[in-house]
Amino acid sequence: MGYTILVVEDISDSRELLRLLLESEGYRVLEAANGIDAVATAQRDQPDAILMDISLPLMDGCQATSRIRESGLLSIPIIACTAHDSSDWRNKASLAGCTDFLNKPLEFTSLLAMLSHYLSIRQPTVFGLPIRPIKTLIRRNRGTDMRLADFILGNMETILGEWEEFAGTLLPATAGMTSLALRDHAKQILEAVAKDLSTAQTRYAQAEKSKGRAPKIPGAPETAAQTHAILRARSGFDINQLVAEYRALRASVLSLWTDSPDPAEISLDDVVRFNEAMDQAIAESIGFFSAQVDQARNLLLGMLGHDMRSPLNTILMTAQYLAKSNAGENVSDAASRLIRSGASMKALLDDLVDFNRTTLGLGIKIDLADGDFSALVSDEVEQLRGAHPSRQIELEIRGDTRGLWDSVRLQQLVRNLVVNAINYGAADTPIHVMLTGDEAEITIEVKNGGPAIEKEALKQIFDPLKRGLGQGNRNDSGAGLGLGLYIVREVARAHGGEVTVHSENGETVFAVRLPRRN
């Protein structure tokens with residue numbers, strides 16, 4: 001093959017194994033064990049491709065990639081290899097300059113296919129085009145026909161073949177896909193791009209399209225890019241694989257065009273218009289893909305929250321029956337455990353349903369009625385004391401706490417705050433609940449001892465599906481979904497209030513302030 005691959009991996013066994021496997025395929029392999037060495041090796045030897053681990057000592061893979069790009073090595077394919085299977089890490093790597101991504105543990109067949117693809121199209125680029133003499137590149141040729149549009153339509157099968165070949169590397173989503181499925185709507189997307197290239201447009205329309213804001217015609221059918229996104233989502237693609245298809249398509253079209261037997265002079269207008277059309281297609285695909293994923297998630301959460309209630313209700317009723325049957329101390333104790341566990345599961349389902357409502361834009365539903373907040377808090381704290389007999393929960397009430405409240409929601413708010421303190425606070429310190437009523441508002445504070453929460457964690461503590469690090473006393477069976485504090489915030493807001501948190505000097509305090517309604 002003659003290609004040189006730089007393998008950047010801090011674990012020596014993994015690095016050695018990659019070297020042996022790549023050498024068995026005819027590649028020459030260079031190695032680096034940290035980010036600093038990776039930058040130095042890339043600048044010195046200028047490999048044909050780089051496999052970049054993200055979690056590296058001295059300098060991480062994203063920083064190393066940025067340094068390599070900043071040094072002028074813009075065309076080398078850099079494939080990020082990471083065990084971090086999250087969009088945050090992928091976005092960070094993409095912004096740093098990584099060309100594509102592979103999740104660990106690496107599937108060697110997929111790795112070889114990706115390397116083969118990028119090495120086959122690799123050339124120094126400007127605006128995604130292989131560099132030719134710069135005088136040719138910058139000519140604008142405004143009076144000539146849109147040669148790129150003609151090229152796309154005349155070489156459709158070749159371009160589709162490269163699309164299909166790359167799509168087949170996006171495992172496991174494409175495993176078992178037919179050629180027709182791999183090419184899904186690619187032809188229609190390319191035809192739409194070619195039509196766009198041949199259509200006159202104003203400078204304003206050009207700028208809007210480059211930002212993914214092409215005008216939408218009311219009642220117009222879905223575009224090919226939108227339909228493609230929906231079908232890819234249903235086939236198990238993730239958003240990074242969807243975007244990777246477009247990246248590969250862009251590179252393939254421009255590479256094939258400039259390498260054609262009669263390349264003529266390259267029109268920069270064609271290149272700019274093509275990139276704008278591709279950006280618009282990507283924007284359309286991402287919008288529909290995200291909507292499809294959100295819909296599937298919301299349906300799943302809705303079904304979990306609804307369909308599990310019936311069997312849970314049967315379990316709780318059976319446990320309550322056993323508790324009252326006087327069948328002996330052992331049976332009563334077991335029934336009590338079932339009741340407590342069932343109550344915890346019911347609380348989780350309630351949180352799921354509430355989370356689903358908020359993500360659908362419906363907000364937390366409340367039903368206000370006149371009531372005394374202190375009675376609600378006292379009742380909930382008493383239940384929590386019974387459910388957690390090993391923990392000391394103190395309650396202090398001051399002032400008038402009557403007003404218009406949703407009693408069920410406020411009990412849920414108190415329960416989530418106290419359970420959070422039980423799960424994450426120090427086991428040997430009491431939890432202090434204070435309810436204060438004055439003329440304008442009602443305040444409830446829940447304090448617990450233990451190590452302070454880190455500042456970065458505080459910034460996202462009320463975000464959904466986030467869980468903190470327990471204090472070692474935590475019972476994993478009581479672990480939640482990371483929705484408890486999110487629900488607290490949403491209940492407070494539904495009442496016109498807000499929740500804050502302060503954590504320092506061995507104490508964490510959550511404070512909810514609700515305006516008094518009479």
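User: What makes a stretch count as a helix or a strand here, and how many of each are there?

Analyst: The protein has 20 helices and 14 strands. Both are DSSP runs numbered from the N terminus: helices are H or I with at least four residues, strands are E with at least two. This is a predicted model, where local features need pLDDT of at least 70, side-chain atom pairs count only at pLDDT 80 or more, and totals for chains, interfaces and linings use all residues. Residues are numbered from 1 along each chain as its sequence is written, and side-chain values use heavy atoms, with hydrogens and water left out.

User: Why is R489 called buried?

Analyst: Buried means under 20% relative accessible area, exposed over 50%, and partly exposed in between (1.4 Å probe, protein chains only). R489 has a relative accessible area of 15%, so it is buried.

User: Which residues is R489 in contact with, leaving aside its neighbours within four places in sequence?

Analyst: They are F462, D463, E498 and V499. Contact means heavy atoms within 4.5 Å.

User: What makes the pair R489 and E490 a polar contact?

Analyst: A polar contact is a pair of N or O atoms within 3.5 Å; within protein, one must be able to donate a hydrogen and the other to accept it, and residues adjacent in sequence count only if both atoms are side-chain atoms. The side chains of R489 and E490 are joined at 3.4 Å. That value falls within the limit, so the pair counts.

User: How do you know that β3 and β4 pair?

Analyst: Two strands pair if DSSP finds at least two bridges between them. Four bridges join β3 (residues 49–53) to β4 (residues 78–82), so they pair. These two strands run parallel. I50 stands opposite I78 in β4.

User: Which sheet do they belong to, and what makes a strand an edge strand?

Analyst: The sheet is open, with five strands in the order β2-β1-β3-β4-β5 and parallel pairing. Its edge strands, β2 (28–32) and β5 (100–103), each pair on one side only.

User: What joins β1 to β2, and which hand does their β-α-β unit have?

Analyst: Five bridges join β1 (residues 4–8) to β2, in parallel. L6 has L30 as its bridge partner in β2. With helix α1 (residues 12–24), these strands make a right-handed β-α-β unit. A crossover is right-handed if, with the strands pointing away from the viewer, the path from the first strand over the helix to the second runs clockwise.

User: Why is the pairing of β9 and β11 called parallel, and what is the pairing in their sheet?

Analyst: Strands of a sheet pair through backbone hydrogen bonds, either parallel or antiparallel. β9 and β11 (residues 431–437) pair in the parallel sense over seven bridges. Their open sheet has the order β9-β11-β12-β14-β13, with mixed pairing. The edge strands are β9 (393–399) and β13 (498–504).

User: What angle does helix α18 make with β12, and how is it defined?

Analyst: Helix α18 (residues 407–424) runs at about 20° to β12 and lies across β9, β11, β12 and β14. Axes are lines fitted to C-alpha atoms, for helices over the stretch in contact, and angles run from 0 to 180 degrees between N-to-C directions.
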